[in-house]
Amino acid sequence: MLPFDILEYQKRMNETKVKMESRGIDVLLVTDPANMNYLTGYDAWSFYVHQMVVIIIDEPQPIWLGRFQDANGAKATTWIYDQNIIAYPDYYVQSDTHHPMEFFGEIIEQIGHGNRRIGVEMDSYYFSAKAFLKLKASLTNATFVDGDLLVNEVRIIKSNQEIEYMKRAAIIADQAMYKGVERIRAGVRECDAAAIIYYNMISGTDAFGGDYPSIVPLLPSGKNTGIPHLTWTDRKFEEGDSVIVELAGCYKRYHVPLARTINIGKPSSQLDGIIPIVQEGIHEVLTKAKPGVTCGELEEVWRNSIGKYGIKKEARLGYSVGLGYPPDWGEHTASIRKGDRTVLQPNMTFHLIPALWFDRCGVEMSETFRVTDEGCETFTTFPRELVIQHPFMISQQQGEEIS
């Protein structure tokens, strides 16, 4: 079931240990499910309970620690030896008397690493403040070190196989966007458009299926397009509405996000005026993107481009993207924003999302791109333009079979 060759996992382990050594970490406790997957292949919807992968700098095999009923999943989806898969009984789950971190601490102590320098992912979504306190209380002889984003930094440059998975995710993203846009007409409910998008993200193509994305489709419409990160309601689209669709194709947990703006009928003069500005800015940024350029320099290109028209953007322009689990497909390392000194290298991948949000109007038009040896290339092929839709359904009626 492993999506990568064992040699690739071993390379990832070696690169992780180099970074551990540079930070003075002997034992790294990995709690981010994306990082667990990256190092071991582990893939299950079990991250709502405490689990971790333990990387010991002078031992070749990682250790998986998690819930008893998930242990067989670890055996099925990872390259870890069975004896290194250690599970806690169910009375530790969401208990007010037992905590999994106490169990993990006991195991680390028993195998002789309780007095070492232990790195923890301090800002991981799934490593809570209580978890840290319980772990510290269980390992009183350990020295704790912040290991946050250590594995994420290894992930930032993709292998050729990872790029191949992202290319498949891109095909799924294009398909989901085309099908979603077809459904957006006056009189159609937002939730029905979201359902079409979800169906096509999961069903994928005849050659390969899709995975669940780390973020649900975002679908603000009408006066709410100036509000990012809204999902959908059962409200019906109306003639004149603009609609923002942000989604991602996902394959083997690798994401390619894509955003476009749709208008039902004639767009407003404000929207008509903003679109060319965004298109120009995207083109200039993608032209600039190549090895040796920093993320901050890309942001500067965008800032100067839109600044000619008196427009400023408060939010960052983009971020490193790839492997992910809910609630986010971003890698939390490089951001395309002012001052970011990350130097672009081949096979880095970014979601470029130069969205502009105003009080009652917004535009999103994004591209996911890969840095190549001489420049960059985008993953998706959906036209980079404002999509104008006929106000009413002309090919499908509500209630027909999803396709």
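Leaving aside neighbours within four places in sequence, Thr40 is in contact with Leu2, Tyr9, Val53, Pro62, Thr77, Thr78, Trp79 and Ile80, where contact means heavy atoms within 4.5 Å. This is a predicted model, in which local features need pLDDT of at least 70 and side-chain atom pairs count only at pLDDT 80 or more, while totals for chains, interfaces and linings use all residues. Residues are numbered from 1 along each chain as its sequence is written, and side-chain values use heavy atoms, with hydrogens and water left out.

- Thr40 is found in helix α2; helices here are DSSP runs of H or I with at least four residues, strands are runs of E with at least two, and both are numbered from the N terminus.
- With a relative accessible area of 0%, Thr40 is buried, a class that means under 20% relative accessible area, whereas exposed means over 50% and partly exposed lies in between (1.4 Å probe, protein chains only).
- The axes of helix α1 (residues 6–23) and helix α2 (residues 33–40) come within 7 Å and cross at roughly 120 degrees; axes are lines fitted to C-alpha atoms, for helices over the stretch in contact, and angles run from 0 to 180 degrees between N-to-C directions.
- α1 and α2 are therefore oblique to each other, given that angles under 35 degrees count as roughly parallel, over 145 as roughly antiparallel, 65 to 115 as roughly perpendicular and the rest as oblique.
- Tyr9, Arg12, Met13 and Thr16 of α1 make this contact with Asn37, Tyr38, Leu39 and Thr40 of α2.

**Arg12 over two rings**

- Arg12 lies over the face of Phe4, at 4.3 Å from the ring centre, and also over the face of Tyr38, at 4.1 Å from the ring centre.
- A charge sits over a ring if NZ of Lys or CZ of Arg is within 6 Å of the ring centre and within 35 degrees of the ring normal.

**Helix α4**

- In helix α4 (residues 100–110), the buried residues are Pro100, Met101, Phe103, Phe104, Gly105, Ile107 and Ile108.
- These buried residues pack against β1 (27–30), β2 (52–56), β3 (63–67), β4 (85–88), β5 (117–120) and α5 (129–138).
- Just after α4, Gly112 takes a positive phi of about 90 degrees.

**Aromatic pairs**

- The structure holds 22 aromatic pairs, counted where the ring centres of Phe, Tyr and Trp (its six-membered ring) lie within 6.5 Å, with planes under 30 degrees apart taken as stacked, over 60 as edge-to-face and the rest as tilted.
- Tyr88 and Phe103 form an edge-to-face pair, 6.0 Å centre to centre and with 65 degrees between the planes.
- This pair links distant parts of the chain, since Tyr88 is in strand β4 and Phe103 in helix α4, 15 residues apart.
- Tyr88 counts as buried at 0% relative accessibility, and Phe103 is buried with a relative accessible area of 11%.
- Tyr198 and Trp232 form another edge-to-face pair, at 6.3 Å centre to centre and 90 degrees between the planes.
- Tyr198 lies in helix α8 (residues 190–203) and Trp232 in the loop between α8 and β7 (242–251), so the pair ties together parts that are 34 residues apart in sequence.

**Phe208 and its ring cluster**

- Ring pairs link Phe4, Tyr9, Tyr165, Phe208, Tyr251 and Tyr254 into a cluster.
- Phe208 has its place in the loop between α8 and β7 and is buried, with a relative accessible area of 11%.
- The C-alpha atoms of Phe208 and Tyr251 are separated by 8.5 Å, although these residues are 43 residues apart along the chain.
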